[in-house]
Amino acid sequence: MEIPREVKFVINELKKAGFEAYIVGGCVRDFLRHVEPQDWDVATNAKPEEIGEIFLRSFINNKFGTVTILTDSENPRLKEIEITPYRIDEKYTDKRHPDKISWAKTIEEDLARRDFTINAMALMEIKNQKAKVKIIDLFGGQKDLEEKIIRAVGDPEKRFSEDALRMMRAVRFATILDFKIEEKTTQAIKKNSFWLQAISKERIRDEFLKIIMTDRAADGVELLRSLPLLKYIVPELGEGYGVSQNKHHIYDCYEHSILSLKYAAKRNFNKYVRLAALFHDIAKPRVKRGEGPDATFYGHEILGAKMTSRILNRLKFPKKEIEKIAKLVRYHLFYYNPGEVSEASVRRLVRQVGPENMEELLQVRMADRIGSGCPKAEPYKLRHLRYLIEKVSQDPISVKMLKVNGKAVMKILDIQPGPKIGNVLDILLSYVLEDPEKNEKGFLEKEVEKLARLSDEELKNLAQKAKKEREKIEIKRDEMTKKKYWVT
Ligand code: ATP
Ligand code: MG
């Protein structure tokens with residue numbers, strides 16, 4: 001992999017001005033793994049104001065003195081490059097914010113404040129040499145990268161008590177990279193997991209979401225549970241651990257939730273579906289009645305939706321997202337069988353869930369089913385339901401589409417309500433179905449006047465013909481919708 005020219009430019013400008021500059025943090029880790037980094041970070045011994053003087057298109061964006069440089073790159077990951085002055089974080093009395101940060105003199109000091117060995121390396125390009133890059137690796141990051149290990153820099157207990165969120169970051173990196181958390185680091189998390197409560201819900205939410213959005217989301221949640229961090233994030237999920245279901249299920253409630261999430265991640269479903277898959281049975285332990293093969297869980301979808309709202313509220317999710325995910329949980333049990341469930345029921349379901357959420361509801365259902373150990377997600381049934389959902393969502397073909405209505409017709413013809421008006425509208429509709437551009441008020445009004453010259457009998461015949469044409473179109477439309485979903 002090459003260092004992008006935008007990054008080289010930033011480093012060279014700093015050096016020309018007499019400063020040191022290194023590529024640091026997660027991008028070094030990704031560079032060494034031959035994966036394109038999310039973003040490129042540079043560390044320097046220049047102070048924020050000095051950086052600002054070198055780069056005109058830049059702004060200081062936080063209290064850590066990070067300066068964002070705007071480039072003209074086409075690549076969204078290179079449009080902004082962050083330069084952070086070397087710093088030391090001093091004493092964390094509250095387990096989350098350094099009491100004071102101060103500038104460090106050397107890159108070594110800066111690397112020592114970073115969280116994990118694989119994130120605490122610096123990279124420098126060397127001109128005119130064969131080994132094009134030099135890596136500063138004080139804590140064995142390259143070895144840990146090779147051996148797939150997440151290891152805290154320095155004393156893990158101290159590092160987690162400085163910033164408790166790092167424990168979740170350890171899980172995130174272990175999950176994304178499929179690495180193991182080293183033993184001492186693991187023990188330190190187990191001992192300090194309690195301190196996650198000192199962290200703001202927003203930071204926890206963001207980190208939790210990042211774990212949920214990885215390919216290995218289910219392993220991530222299980223790791224959170226075992227450490228035990230999950231009980232400070234979503235304690236409700238733990239309630240299902242070891243709670244058996246009934247004769248229809250081989251997995252306990254917790255296992256089933258995790259497996260549903262696993263499928264949602266495998267199919268790369270969005271965050272709403274992943275969270276709904278994880279939470280859809282969250283109320284089961286609380287509503288369980290009886291034991292063994294005949295245990296029941298009546299109303300778990302209703303209580304589950306409420307619990308989901310409460311959990312997501314606590315984690316400060318946006319209101320709209322909470323409503324959506326809660327709906328997916330509320331209706332995940334919908335029953336469908338072609339020929340047995342009426343169009344009216346499907347219409348009601350679409351109204352309750354919202355047409356915009358239907359596809360996601362079907363995805364939650366697939367995740368639920370596969371997560372129960374069923375080999376298939378009932379492809380035909382689901383296709384048939386998709387077809388019906390589209391059918392009931394289509395605008396009906398009716399005279400309501402016309403730009404003139406019955407009232408206007410009565411006024412033009414100067415007549416009272418009666419069958420004649422319906423006949424006129426039916427005929428107008430046949431014109432519009434043939435050529436949608438004819439659905440124009442002026443045109444239609446003129447046509448009404450022309451039709452007025454016909455006898456009642458003639459009008460009736462024309463209207464009947466028009467209706468037959470419309471039925472043909474409706475049948476054709478239905479056939480096409482069926483074809484689209486491969487159903488009969
Ligand atoms: P990503 O691929 O998600 O961007 P990253 O490793 O770049 O991963 P960032 O959150 O972007 O993670 O942080 C950049 C770097 O800053 C990290 O690699 C790490 O060196 C350091 N860092 C970030 N957060 C912390 C923290 N809470 N404690 C210590 N060091 C941190
Ligand atoms: Mg990063």
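K288 is found in the loop between helix 14 (284-287) and helix 15. The model is a predicted one, and in it K288 has a relative accessible area of 13%. Buried means under 20%, so K288 counts as buried. The side chain of K288 also has a partner: it makes a polar contact with the side chain of E291, at 3.1 Å.

The ligand comes next. Ligand 1 sits in the largest pocket. Two elements give two or more residues to the shell around the ligand, namely helix 2 (26-32) and helix 7. Of these, helix 7 gives the most, with four residues. In total 15 residues surround ligand 1, and the closest are R29, N119, D163, R166 and R172.

The side chain of R172 has a polar atom 2.8 Å from an oxygen atom of ligand 1. In the side chain of R169, an N or O atom is 3.0 Å from an oxygen atom of the ligand. D115 takes part through its backbone, where an N or O atom lies 3.2 Å from a nitrogen atom of ligand 1. Taken alone, the ligand exposes 580 Å², and the protein buries 78% of that area.

How far apart should the ends of its 13 residues be? Helix 7 covers residues 165-177, and at 1.5 Å a residue it should span 18 Å; the C-alpha atoms at its ends are 18 Å apart, which agrees. Eleven of the 13 residues are buried, so helix 7 is largely enclosed by the rest of the structure. In general, an α-helix has 3.6 residues a turn, so residues three or four places apart point the same way.

Most residues other than glycine have a negative phi, and most peptide bonds are trans. K316 belongs to the loop between helix 15 (300-314) and helix 16 (319-330), and it is partly exposed, with a relative accessible area of 43%. W486 is not a glycine either, yet its phi is positive, about 55°. W486 is placed in the segment after helix 23 (456-484). With a relative accessible area of 68%, W486 is exposed.

The peptide bond between L227 and P228 is cis, with omega about -15°. P228 lies in the loop between helix 10 (217-226) and helix 11 (235-238), and L227 lies in the loop between helix 10 and helix 11 as well. Is L227 buried or exposed? L227 is buried, with a relative accessible area of 2%. L227 and T186 are 41 residues apart in sequence, while their C-alpha atoms are 7.5 Å apart in space.

Technical notes. Residues numbered from 1 in each chain as written. Chains lettered and ligands numbered in written order. Predicted model: local features only at pLDDT ≥ 70, side-chain atom pairs only at ≥ 80, totals over all residues. Heavy atoms only, no water. Expected span 1.5 Å × (residues − 1). Buried < 20%, exposed > 50% of the residue type's maximum accessible area, 1.4 Å probe, protein only. Near = heavy atom within 4 Å. Polar contact = N/O pair within 3.5 Å; in protein donor to acceptor, adjacent residues only side chain to side chain. Areas by Shrake-Rupley, 256 points an atom, 1.4 Å probe, with all protein chains shown as cover. 1 Å grid on protein atoms, 1.4 Å probe; cavity = no way out; pocket = protein on both sides within 12 Å on 5 of 7 lines; lining within 4 Å. Sits in = over half its atoms within 2 Å of the grid points.
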